Amino acid sequence: MNGPRDEFYQRDRTWHPPAFSRDYKTSVARSPSLPLLSLEQSMSEITGPTFGHSDLGPLDNDLIRNYAHGGEAIGERIIVHGRVVDENGRGVPNTLVEVWQANAGGRYRHRKDTYLAPIDPNFGGCGRMLTDGNGYYFFRTVKPGAYPWRNWINNWRPAHIHVSVFGSGFAQRLITQMYFEGDPLIAQCPIVNTIPDPRAIEQLIAPLDMNAAVPLDSLAYKFDIVLRGRRSTLFENRLEGN
Amino acid sequence: MTQKLDRLKETPSQTAGPYVHIGLAPGAAGFEIFDQELGRDIAGPNARGERIRIEGTVYDGTGAPVKDVLIETWQANADGIHPHPADPRASEVEAGFRGWGRIISDFDTGAFVIETVKPGAVTGRNGRIMAPHISLWVVARGVNVGLQTRLYFADEAEANAADPVLGFIEQVHRRETLVAERTADGVYKFDIRLQGERETVFFDI
């Protein structure tokens, strides 16, 4: 066999943020200065970890209840849902989606977060789920608050949820952040603005989705995630019988 | 006018941020929430091959340790098989061998440890054999897109010399940035330098 079947399309590095983004200060000393070495994919890149329902617990995708200590999380109750698809629009089934976020006041449950907004005793801030056979996922949470960070002295992150997705091969591994429609902090954020193309930024902004809201209970936002597409090898140099 | 290609664009990456542990390793963030955290056991109890321990630190461009890094590892088993349906020999992988791990550096020192088994050689493109290696994916605050690299083993000098991926690195002296040094029986040292002197080779795969 010449190359592996079903390798992934080349990643468009001009669509993603560059490693070095001066206005996001931490990237200055943490960005490689030499170019990446482009590799054709082998078995090491087209395969990756697989997960099953036995890896997860029943409340893992319900952030309002999965860290409940005698009550429920405080904040604006929302459902976030969407599909994980590839660049060809095909659903990515049975893939692990992990999310984490601050609470409604912008405070993270992390030993390194010292922001003065209080911890919510009933909110952990993380969840995880597998996509179904069509690539569909959903979770319930409270809408996170904005929070300040030490970049420029008055920088505030827009409300956001961190999202991690695996796909079916290690080359598809992706971490990103989901933002909320209409948030005026999005345009000001140096981390958002590491992304050069405004159309790519729009791809991270989840619209309000009234059709998915639960009346008298929760609002909803829709966030679709696109992973790298797969090439079907149309011709390849193979000996007969291989 | 032509027809439209009509492909979607990949969702753009964003940094994992300083609190990546909340989502991917909540125990390290300081709280227990899930019945089981994923990625803690790479090889499982039944794995064939040599048990190894890899010790290292990730450094930034000033030479300071990166103390909030998260590394994921992906590897074949000792027979060179990946536990994944795309590998035609996947059914031969021993029960419990996951091949994937999630590694947290120490918050005070930046040191990390990978405990696994040494992978076997894997067949690469055009039937060429790749030397034993572990694929690494590095994310952290300040890293906008996860960095892909590989770890090879210094005691596989002959296989490394024939490895097609190491062979693609034009500056021969940079190849050694991917080779873990054997410091004791079953123990290797592997540092990652994000920027500057002896910068690690990172891949666009």
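How many bridges join S9(B) to strand S10 (residues 187-189) of chain B?

A: Three bridges join S9(B) to S10(B), and the two strands run antiparallel. This is a predicted model, in which local features need pLDDT of at least 70 and side-chain atom pairs count only at pLDDT 80 or more, while totals for chains, interfaces and linings use all residues. Residues are numbered from 1 along each chain as its sequence is written, chains are lettered from A and ligands numbered from 1 in the order in which they are written, and side-chain values use heavy atoms, with hydrogens and water left out.

Strands (E, at least two residues) and helices (H or I, at least four) are DSSP runs, numbered from the N terminus, and two strands pair if DSSP finds at least two bridges between them. S9(B) and S10(B) form a hairpin with two residues between them. In the turn, B:Gly186 has a positive phi of about 75°.

The aromatic contacts come next. Over all chains, the structure holds ten aromatic pairs (rings of Phe, Tyr and Trp, the last by its six-membered ring, with centres within 6.5 Å; planes under 30 degrees apart are stacked, over 60 edge-to-face, the rest tilted). A:Tyr24 and A:Trp149 have ring centres 5.8 Å apart and planes at 65°, so this pair is edge-to-face. The pair links distant parts of chain A, since A:Tyr24 lies in the segment before helix H1 (26-29) and A:Trp149 in strand S6 (residues 147-149), 125 residues apart. Both A:Tyr24 and A:Trp149 are buried (under 20% relative accessible area, with a 1.4 Å probe and protein chains only).

For A:Phe51 and B:Trp100, the ring centres are 5.2 Å apart and the planes stand at 90°, so this pair is edge-to-face. The pair crosses between chains, from the loop between helix H2 (43-46) and strand S2 (77-86) of chain A to strand S3 (residues 100-104) of chain B.

A:Arg173 lies over the face of A:Phe166, at 3.7 Å from the ring centre (CZ of Arg or NZ of Lys within 6 Å of the ring centre and within 35 degrees of the ring normal).

Methods. Buried < 20%, exposed > 50% of the residue type's maximum accessible area, 1.4 Å probe, protein only.
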